[in-house]
Amino acid sequence: MSRFLKIAFALIAFINFNCAIADNVWPTHPIKFIVGFGPGGANDLVARTVAEAASKQLGQPIIVENKPGAGSVLGADFVAKSPPDGYTFFVSAGGIVTNPMIKASMPYKEGDLVPVGLLTISPSIIVVSADSKMNNLKDLLALAHEPNGLNFSTAGTGSTPHFVAEMLKVKAGGKYEIIPYKSGSEGMVAVISNQVDATSEASVVVIPQIQGGKLKAIASTWNKRIAALPNVPTTKEQGYPEVLIGHWAGVFAPKGTPDAILDKMNNAINAALNSPSVQARLTPQGIEPAPGSRASFSKFLADEKGRLSPIVKRANMKED
């Protein structure tokens with residue numbers, strides 16, 4: 001048998017093996033979704049909501065396991081080093097893109113995790129205290145141009161609020177005192193208590209405080225308004241389309257996981273995200289389901305990396 005025929009038969013066997021895994025064998029036992037943050041946060045909520053619905057598509061339970069630490073790096077590393085058999089997946093946040101830009105070293109290589117599908121996007125909402133005189137982005141930027149500038153709280157170096165502040169600084173100018181807190185919740189409380197002028201946090205975090213009359217939303221940092229805050233204009237509508245960032249969640253698998261399994265999981269999570277029950281649970285909290293293909297998720301990641309990398313370099317963002 002010629003070398004060409006041997007290669008051809010081997011390729012056919014590999015394709016058939018992959019199809020058999022996806023269609024006839026996988027999954028045969030419970031699957032794990034690893035979340036790189038503790039219970040109760042936005043990523044945990046998304047993971048558990050999607051896991052419950054996707055498990056019905058796959059015929060096996062999907063167990064959510066929390067492995068917090070190092071800005072989700074510990075959870076990502078665990079999955080990167082797991083067997084590529086389709087039973088361990090990582091539910092990421094945006095840190096999977098920005099951590100390698102900011103941290104001095106990483107325990108796994110970028111290619112050790114492969115994209116499966118985007119789950120949701122929760123836009124960052126720029127907020128001020130409810131009694132603030134600022135009512136829109138123009139007012140906020142005007143304060144940044146006053147002699148004392150603007151005090152802006154963040155959840156630490158490289159957090160989404162930090163990126164929002166840097167984007168505003170680059171695109172609109174002004175003076176910004178960026179004040180890091182241990183968490184987004186602490187940064188939000190600082191705004192409510194008028195310790196700082198403003199912050200920008202995930203819609204799921206600030207919506208209860210907006211509805212409770214403690215915060216005022218002045219802009220959404222995504223490219224369209226969200227259903228939970230239909231009266232809050234986007235940064236794009238207010239003249240700053242470059243101020244664009246969201247708190248997103250996506251699913252990754254260890255490198256080497258068969259394509260047929262990745263496709264089947266992608267189909268399962270898309271079916272979950274399109275289901276009325278999942279949408280009814282997430283959308284009122286400002287979390288927008290974002291189903292799509294593996295290819296569209298890969299493009300999303302490349303676009304995020306291309307947009308955010310120059311900001312990291314310009315702001316000299318380094319690990320706290």
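Biologist: What makes H6 and H11 roughly perpendicular to each other?

Modeller: In this predicted model, H6 and H11 pack at an angle of about 80°. Angles of 65 to 115 degrees count as roughly perpendicular, and the angle of about 80° falls in that range, so the two helices are called roughly perpendicular. Their axes are 10 Å apart.

Biologist: Which residues make the contact between H6 and H11?

Modeller: H6 brings Phe-163, Glu-166, Met-167 and Val-170. From H11 come Arg-307, Leu-308, Ile-311, Val-312, Arg-314 and Ala-315. By class, the residues of this contact are seven nonpolar, no polar and three charged.

Biologist: Why is Met-101 called partly exposed?

Modeller: Met-101 has 22% relative accessibility. Buried means under 20% and exposed means over 50%. The value of 22% lies in between, so Met-101 counts as partly exposed.

Biologist: Where is Met-101 found, and what is Met-101 in contact with?

Modeller: Met-101 is part of helix H4. Leaving aside neighbours within four places in sequence, Met-101 is in contact with Lys-305, Leu-308, Ser-309 and Val-312. Contact means heavy atoms within 4.5 Å.

Biologist: How far is Met-101 from Phe-163?

Modeller: Their C-alpha atoms are separated by 13 Å, and the two residues are 62 residues apart along the chain.

Biologist: How do you know where empty space is left?

Modeller: A probe the size of a water molecule is rolled over the atoms, and this shows where empty space is left. In this model the largest pocket holds about 1200 Å³ of space. It is lined by 46 residues, and Phe-37, Ala-93, Ala-155, Ser-159 and Thr-160 are the closest to its centre.

Biologist: Which element gives the largest share of the lining of the largest pocket?

Modeller: H4 does, with five residues. Other elements each supply at least two residues, among them helix H2 (42-58), strand E4 (113-129) and helix H6 (160-172). The lining of the largest pocket divides into 19 nonpolar, 21 polar and six charged residues.

Biologist: What lines the second largest pocket?

Modeller: The second largest pocket, with about 360 Å³ of space, is lined by 16 residues. Ile-96, Val-97, Pro-100, Glu-110 and Lys-305 lie nearest its centre. H11 gives the most to this lining, with five residues, and H4 supplies at least two.

Biologist: How many residues of the lining of the second largest pocket are nonpolar, polar and charged?

Modeller: Ten are nonpolar, three are polar and three are charged.

Conventions. Residues are numbered from 1 along each chain as its sequence is written. This is a predicted model: local features need pLDDT of at least 70, side-chain atom pairs count only at pLDDT 80 or more; totals for chains, interfaces and linings use all residues. Side-chain values use heavy atoms; hydrogens and water are left out. On a 1 Å grid over the protein atoms alone, a cavity is a set of points where a 1.4 Å probe fits but cannot get out, and a pocket is an open set with protein on both sides within 12 Å along at least five of seven lines; lining residues have an atom within 4 Å of a point. Grid points are joined across faces, edges and corners, and a volume is the space filled by probe spheres set on the points. Helices (H or I, at least four residues) and strands (E, at least two) are DSSP runs, numbered from the N terminus. Ala, Val, Leu, Ile, Met, Phe, Trp, Tyr, Cys and Pro count as nonpolar, Asp, Glu, Lys and Arg as charged, and the others, Gly among them, as polar. Axes are lines fitted to C-alpha atoms, for helices over the stretch in contact, and angles run from 0 to 180 degrees between N-to-C directions. Angles under 35 degrees count as roughly parallel, over 145 as roughly antiparallel, 65 to 115 as roughly perpendicular and the rest as oblique. Buried means under 20% relative accessible area, exposed over 50%, partly exposed in between (1.4 Å probe, protein chains only).
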